[in-house]
Amino acid sequence: MALDLTGLTAYTSENSTELISAAVLKGSTIDRISVQAGIKSAEKINMIAIDNTFQAGACGFSASGNVDLTQRTITVSKIKQNAAVCVDDLEAYYTQQMLRAGSYNEDMPFEQKYSMLVVEGTQTYLENLVWRGDIGGGAGDMAFADGLLVAIDAEGSVVSATTTTALTAGNIIDRVDEMVDLIPVDALQSEDLSLNMPLAHYRMYTRALRNANLFHYSADENDNFSIVIPGTNVTVRGTKGLNQITGVGVRWILAEDSNLFVGTDLLNDAENFSIAYSVDNDEVRTIQKFKFGAQIAFPERIVELTTTA
């Protein structure tokens, strides 16, 4: 049975929009938080709050209360990924069996698999960037855009549970409960409250629940590393993007998913994903371009914890 690669070149051409969307908008965090698309450089997050003021019943009309319209700016940065593969190099290995006959290798074998691996790598990168991206102080590719922690640290109204006590299996249940106790009243009944923590702490927490003989809980580690805190409406989420944050200690963020924003373009041709053969360079080239940034809407509804490991 022969391997026919004739249709693979068209694969990325016809599905470039789906690939860039999957790369930028999929991930354990980005999948569930708010996305504001169509941003070319910066855009406002428009918010509305109503101050309901009631009065004693009587004849006449006397207006009271306010409708507050506020805005916060979400700024996106341009990010790209370029890669090149000389298909001729595959002739010396078992991959020669996947190549067309002749000396003109213009198609990437296993192109579909290659495309999806690029997408998965982008998802992993953006999962880290959405949390710990820092233009002013990030290391390596974490300096290409500002993430949620930068937005949170810029606000003095975020509720702080800062402690210098190291997290252990003996105190982690209490620490989680303390975070829940600090949720502002206005956010307490929200349906999308998430306590985001590093994966290692998520496992420590679920192990502590088990050791405390709370065998009735259900934690689906094989799917999304999440568990609802018993007796609450808060979901603890093991969050890869909060792992290994150099220089800032350990971070936990408790917030409504709808209060966390990621900004992108995606409605413009400047965001693309392509794999094509370059005649001038005699190689298959990958080009991926997108815009990305993060922001929060209501800082006073967020609870953070910074501690040692």
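The model is a predicted one. The protein has 309 residues, and 42% of them are buried. Its secondary structure comprises 6 helices and 13 strands.

**Overall make-up**

- The protein exposes about 16500 Å². Carbon and sulfur atoms supply 51% of that area.
- Take the contacts between residues at least 6 apart in sequence: 73% of them join residues at least 24 apart.

**Helix α5**

- Helix α5 runs over residues 172–181. Its buried residues are Ile172, Arg175, Val176, Met179 and Val180.
- These residues lie on the same side of α5, because they cover an arc of only 140° around the axis.

**Asparagine 66**

- Asparagine 66 lies in strand β3, which spans residues 66–75.
- Its relative accessibility is 46%, so asparagine 66 counts as partly exposed. The partly exposed range runs between the buried limit of 20% and the exposed limit of 50%.
- Beyond its neighbours within four places in sequence, asparagine 66 is in contact with Ala49, Ile50 and Asp51.
- Asparagine 52 is 14 residues from asparagine 66 in sequence. In space, the two are 7.2 Å apart, C-alpha to C-alpha.

**Asparagine 272**

- Asparagine 272 is found in strand β11, which covers residues 272–278.
- Asparagine 272 counts as partly exposed because its relative accessibility is 25%.
- Leaving out residues up to four places away in sequence, asparagine 272 touches Ile20, Ile287, Gln288 and Lys289.
- Isoleucine 287 is 15 residues from asparagine 272 along the chain. Their C-alpha atoms are separated by 7.5 Å.

**The second largest pocket**

- The second largest pocket has a volume of about 190 Å³.
- Its lining is made of Ala49, Pro184, Asp186, Phe298, Glu300 and Arg301.
- By class, that lining divides into 3 nonpolar and 3 charged residues, with no polar ones.

Note on methods:
Residues are numbered from 1 along each chain as its sequence is written. This is a predicted model: local features need pLDDT of at least 70, side-chain atom pairs count only at pLDDT 80 or more; totals for chains, interfaces and linings use all residues. Side-chain values use heavy atoms; hydrogens and water are left out. On a 1 Å grid over the protein atoms alone, a cavity is a set of points where a 1.4 Å probe fits but cannot get out, and a pocket is an open set with protein on both sides within 12 Å along at least five of seven lines; lining residues have an atom within 4 Å of a point. Grid points are joined across faces, edges and corners, and a volume is the space filled by probe spheres set on the points. Ala, Val, Leu, Ile, Met, Phe, Trp, Tyr, Cys and Pro count as nonpolar, Asp, Glu, Lys and Arg as charged, and the others, Gly among them, as polar. Helices (H or I, at least four residues) and strands (E, at least two) are DSSP runs, numbered from the N terminus. Buried means under 20% relative accessible area, exposed over 50%, partly exposed in between (1.4 Å probe, protein chains only). Contact means heavy atoms within 4.5 Å. Accessible areas come from the Shrake-Rupley method with a 1.4 Å probe; for residues, only the protein chains shown count as cover. The arc is that of the directions from the helix axis to the C-beta atoms.
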